[in-house]
Amino acid sequence: ANDHWTTFDESGGFEKGEFMPALFVDRLGRKWFGSWGFGVGVLDDGGTLTKEDDIWLHLDEENSGLKGIIQDPQFVVIPAITQDQHGNYWFLDYLTAESGLVVCDSTLSNWTAYSVRDGLVFTEVQSLAIDGQGIKWVGARQEGMSRFDDAGTPFDKLDDDPFSAWLTYSESEPYPHTIVFLAMMHNNIF
């Protein structure tokens, strides 16, 4: 085997001391890093291990639909990132008043945020999975889990049925109270 380690740190695209709770590799091979306070770092390494051709993009409250925590709007915490079957990117935006579940298109130009006002029951979002039907599953630190069906139109909130778009499973349901990690396998949620 051709074992080789490459280290990415502040000499690359990261802030010094940055904690990365989320890592996702998209269909184009770009690496997405959700951070604890610095938003999202996106690395396009050109498919090589050399850093000379690396292109970094930083997404935060100033250049995206992501928001900072209630106490500090510039402190953007992203614990989970994934991509749906249409190429849209989905982010969990932790402890914000205006969002919680955020989607953007593949060009990063169209952003929509879903919050407690839309039906998400909690702000301490922690884990995210999308099933084969495009249903978004959001796990929370202490409140349980939400299921969101955007009816295939994630950028249009007006067509979301207020009675069925969002379903919440809490401690009274047969699910754990704290959801640390969600995963899909054979269209089942774990």
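This is a predicted model: local features need pLDDT of at least 70, side-chain atom pairs count only at pLDDT 80 or more; totals for chains, interfaces and linings use all residues.
Me: What makes up the protein chain in terms of helices and strands, and how many of its residues count as buried?
Reply: The protein chain has 0 helices and 16 strands, and of its 190 residues 45% count as buried.

Me: Why is Ser64 called buried?
Reply: Ser64 has a relative accessible area of 14%, and buried means under 20%, so Ser64 counts as buried. This residue is found in the loop between S5 and strand S6 (76-77).

Me: How do you know that Ser64 makes a polar contact with Asp60?
Reply: The side chain of Ser64 reaches the backbone oxygen of Asp60 at 2.5 Å, and since a polar contact needs N or O atoms within 3.5 Å, the pair is inside that limit. A polar atom of the Ser64 side chain also lies 3.1 Å from the backbone nitrogen of Leu66, which is again within 3.5 Å. Leaving aside neighbours within four places in sequence, Ser64 is in contact with Leu59 and Trp111.

Me: What makes S1 and S2 a pair of strands?
Reply: Pairing asks for at least two bridges, and S1 and S2 have 4 bridges in the antiparallel sense, so the two strands count as paired. Within this pair, Leu23 stands opposite Phe33 in S2, and in the hairpin of S1 and S2, with 5 residues between the strands, Gly29 takes a positive phi near 85°.

Me: How do you know that strand S2 also pairs with strand S4?
Reply: Strand S2 (residues 31-34) and strand S4 (residues 40-44) run antiparallel and are joined by 4 bridges, which meets the requirement of at least two. For Gly34, the bridge partner in S4 is Val40.

Me: Why are S1 and S5 said to stand at the edges?
Reply: Their open sheet of 4 strands has the order S1-S2-S4-S5, with antiparallel pairing. Strand S1 (22-25) and strand S5 (55-59) each have a single partner strand, so one side of each is left without a neighbour in the sheet. Direction ignored, neighbouring strands of this sheet are turned by 15° against each other on average.

Me: Which residues have the most contacts inside the largest nonpolar core?
Reply: This core has 17 residues, and those with the most contacts inside it are Trp32, Val40, Leu59, Leu66, Ile81 and Phe91. The elements that give two or more residues to this core are S1, S4, strand S8 (89-92), strand S9 (101-104) and strand S10 (111-114). Not counting residues up to four places away in sequence, Phe91 touches several residues, including Trp32, Val40, Leu66, Ile81 and Trp111. A second, separate core of 16 residues includes Leu128, Val138, Ala165 and Trp166.

Definitions and conventions: Residues are numbered from 1 along each chain as its sequence is written. Side-chain values use heavy atoms; hydrogens and water are left out. Axes are lines fitted to C-alpha atoms, for helices over the stretch in contact, and angles run from 0 to 180 degrees between N-to-C directions. Buried means under 20% relative accessible area, exposed over 50%, partly exposed in between (1.4 Å probe, protein chains only). A nonpolar core is a set of buried Ala, Val, Leu, Ile, Met, Phe, Trp, Tyr and Cys residues joined through side-chain atoms within 4.5 Å. Contact means heavy atoms within 4.5 Å. A polar contact is a pair of N or O atoms within 3.5 Å; within protein, one must be able to donate a hydrogen and the other to accept it, and residues adjacent in sequence count only if both atoms are side-chain atoms.
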